[in-house]
Amino acid sequence: MNVLIIDDDADVREAISLLLSSEGHHSVAVNDGHQALECLEQGVPVCLILLDLMMPGMNGAEFRAKQRLDPRISSIPVVIITADGNAEGKARQLEVDGVLRKPMDAAILVSTVRKYCPADPSLALPS
Amino acid sequence: MTGFLEGKPRSGAWIYTVGLALIGLLIVVLIARALVNVQTLFDVGRLVQHSSDVEEETQAMFSALQDAETGQRGYLLTGKPEYLSPYHVATGDVHRHLLAVEAIVEIPSNRALVPRLSTLVARKLRELQDTIDLRGRSGATPALALVQTDVGNQVMEEIRAICNEIKVKTRQRLDERIIEFRQAADVARRDLEFGGVLLLVLLFLFAMLIRRHLRARRRFEGRILESQADLQRALAVRDTFLSVAGHEFRTPISVLSLTLENLVRKTQKGETLKPADFDAPRRQADRLARLTETLLDVRRIASGHLDLEPEEMDLAALAREVAARLQPQALDARAPLSVSADQPVVGTWDRLRMEQVLMNLLTNAIKFGRGAPVEFRVFAENGSAIVEVRDGGIGIDPKDQDRIFERFERAASVQNYRGMGLGLWICRELVRAHQGKITVQSASGQGSLFRVELPGSRGNERPLSRGEAH
């Protein structure tokens with residue numbers, strides 16, 4: 001199972017992917033809502049969606065609206081990652097499962113992912 | 001927004017003061033003239049009473065004198081003492097009424113007649129008394145002989161004439177006063193008509209002045225409300241900017257924080273760190289530096305302290321360098337970036353500021369380009385350096401095309417595009433500082449062409465067409 005990272009900033013996607021990888025989580029990263037929907041429609045198994053809000057193309061709110069309407073993917077938990085000052089308000093508005101405010105704390109990010117996704121011990125870096 | 005108090009209406013106290021003073025003065029004049037007329041009316045009224053009194057008293061005195069003469073004649077003819085009783089009563093009345101006439105006569109010409117009247121009355125009374133005394137001493141014949149001398153009758157006629165003269169002169173005076181009164185009444189009527197009209201005109205003008213003053217005050221209050229609205233809009237823009245700026249800073253800090261965590265973990269696991277591991281933090285550190293510089297530029301430009309350091313440089317070479325630096329970003333956005341800047345375009349400009357302009361324009365083209373190709377051209381034309389950046393992105397509605405060059409303004413949705421609304425404003429200010437200009441041709445949904453013209457170029461003037469680009 002993968003964590004689907006949706007963020008238009010390549011460095012953000014890379015940093016999150018590397019961190020999750022070091023914790024034994026597989027991830028797929030895309031840069032907007034369109035690519036995320038394409039990815040999900042292709043059947044990529046996803047246990048959690050980390051969703052940025054402000055993106056060119058299809059933004060986070062538009063993606064969330066489409067995801068909720070599609071019964072095949074509507075049950076996938078969504079946690080928004082945003083630099084928006086009103087992150088909690090946006091989370092309530094979009095009825096998501098959680099919110100992580102940028103700048104993100106690595107430990108909180110990892111513990112949030114762990115709630116939804118099992119780690120793959122073979123992937124984690126050897127301690 | 002500044003200077004809105006310039007239109008502040010004066011307090012208006014002088015309008016009220018002058019207006020009220022004029023109206024008050026007019027009312028005082030009207031009242032004074034009315035008082036004069038009322039006084040004339042009183043005078044006439046008093047003169048009517050006086051004339052009546054004078055006429056009454058002179059008539060009464062003359063009648064009493066006739067009564068006394070009647071009593072005298074009765075006694076002279078009959079010798080009966082009872083005829084003397086009415087005589088005595090009448091002589092008393094004569095004295096009383098003569099005193100009254102002497103007291104009340106005012107008209108100088110009449111007063112001049114009073115001594116003569118008194119003398120004649122005294123002479124008449126003495127003549128009556130003399131005949132009565134003669135009748136008592138010598139009988140009827142000598143007394144009647146004295147009466148028949150007609151002296152007494154002549155005195156009576158003279159008294160009658162004087163009484164009539166007094167009455168006529170008094171009436172003449174009354175008539176004169178009545179004429180004066182009528183004239184005064186006419187004046188008073190004209191005063192009231194003219195003064196009333198003037199008062200109405202003044203009141204109307206005063207009301208107009210007050211109305212105008214109140215309108216000016218309402219306009220001023222309207223401007224204050226507009227200024228308050230402007231202030232509210234400025235505060236809203238500031239709040240939005242602070243929110244967006246915070247957002248802009250959070251993302252690179254987030255990357256730095258997570259990347260550092262990743263590097264620490266790698267180190268702890270004994271992995272060897274590679275130079276590429278530091279690319280992301282370096283990019284984000286650069287991004288933070290640019291954000292900081294952008295904020296500092298706002299201050300520099302707003303305070304007029306944008307100091308340029310011009311040097312001879314090749315804008316085409318700088319364009320190629322900037323484009324190369326932004327290729328990874330263009331690739332990430334799936335927006336192919338083509339560069340046409342083969343010929344040197346040399347001029348004297350501030351290299352860092354030109355780099356900033358090119359970076360801003362290209363970054364925007366990639367950001368708003370929706371993955372469509374971005375064309376970047378630099379060439380010389382008519383002694384000017386021309387920079388053109390064309391994208392096939394979301395475009396800009398014509399109504400927003402002036403606004404996007406203003407500070408904190410942005411046309412694109414904040415739900416899709418990050419940014420502080422400063423890039424194009426800074427571009428415009430930097431280009432203007434080089435005596436150049438920046439323009440845009442665009443339509444909503446049809447991409448944009450930004451064009452910068454910088455004077456003072458020495459380059460090969462051979463602009464490449466779109467077909468030649470890349």
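**Reading patches, bridges and buried charges**

Analyst: Let us start at the surface. Val197(B), Val201(B), Phe204(B), Leu205(B) and Met208(B) together make a nonpolar surface patch of about 450 Å². Please keep in mind that this is a predicted model.

User: Where does Phe204(B) lie, and is Phe204(B) buried or exposed?

Analyst: Phe204(B) belongs to helix 5 of chain B. With a relative accessible area of 52%, Phe204(B) is exposed, because the cut-off for that class is over 50%.

User: Which residues form the positive surface patch?

Analyst: A patch of like charges is built from residues that have no salt bridge. Here Arg211(B), Arg215(B), Arg218(B) and Arg219(B) form the positive patch. One of them, Arg218(B), is found in helix 5 of chain B, which spans residues 151-268.

User: How many salt bridges does the structure hold over all chains?

Analyst: The criterion is a side-chain nitrogen of Lys or Arg within 4 Å of a carboxyl oxygen of Asp or Glu. A search of the whole structure finds 40 salt bridges over all chains. One is formed by Asp9(A) and Arg287(B), with 2.4 Å from N to O.

User: Why does the pair of Asp9(A) and Arg287(B) join two chains?

Analyst: Asp9(A) lies in the loop between strand 1 (2-6) and helix 1 (10-22) of chain A, while Arg287(B) lies in helix 6 (residues 279-302) of chain B, so the pair joins two chains. Both Asp9(A) and Arg287(B) are buried.

User: Which residue forms a salt bridge with Arg283(B)?

Analyst: The partner of Arg283(B) is Asp11(A), and their closest N and O atoms are 2.5 Å apart. This pair also crosses between chains, running from helix 6 of chain B to helix 1 of chain A. Arg283(B) counts as partly exposed, at 42% relative accessibility, whereas Asp11(A) counts as buried, at 5%.

User: Helix 6 of chain B also holds Pro281(B). What does Pro281(B) touch?

Analyst: Leaving aside residues up to four places away in sequence, Pro281(B) touches Leu256(B) and Thr259(B). Pro281(B) and Leu260(B) are 21 residues apart in sequence, and their C-alpha atoms are 8.0 Å apart in space. The relative accessible area of Pro281(B) is 13%, so Pro281(B) is buried.

User: What salt bridge does Glu429(B) form?

Analyst: Glu429(B) pairs with Arg428(B), with 3.0 Å between the closest N and O atoms. Glu429(B) counts as buried at 18% relative accessibility, and Arg428(B) counts as buried at 12%.

User: What is the nearest side chain of opposite charge to the buried Arg135(B)?

Analyst: When a buried charge has no salt bridge, one looks for the nearest opposite charge and then for the contacts. For Arg135(B), which is buried and has no salt bridge, the nearest side chain of opposite charge is Glu82(B), 11 Å away. Arg135(B) is found in helix 3 (residues 108-138) of chain B. Not counting residues up to four places away in sequence, Arg135(B) touches Tyr75(B), Leu76(B), Leu77(B), Thr78(B), Gly79(B), Ala140(B) and Ala143(B).

Terms used. Residues numbered from 1 in each chain as written. Chains lettered and ligands numbered in written order. Predicted model: local features only at pLDDT ≥ 70, side-chain atom pairs only at ≥ 80, totals over all residues. Heavy atoms only, no water. Helix = DSSP H or I, 4+ residues; strand = E, 2+ residues; numbered from the N terminus. Buried < 20%, exposed > 50% of the residue type's maximum accessible area, 1.4 Å probe, protein only. Lys, Arg positive; Asp, Glu negative; His and termini not counted. Contact = heavy atoms within 4.5 Å. Patch = residues over 30% accessible without salt bridge, like charges linked within 9 Å, V, L, I, M, F, W, Y side chains within 5 Å. Areas by Shrake-Rupley, 256 points an atom, 1.4 Å probe, with all protein chains shown as cover. Charge placed at Lys NZ, Arg CZ, Asp CG, Glu CD.
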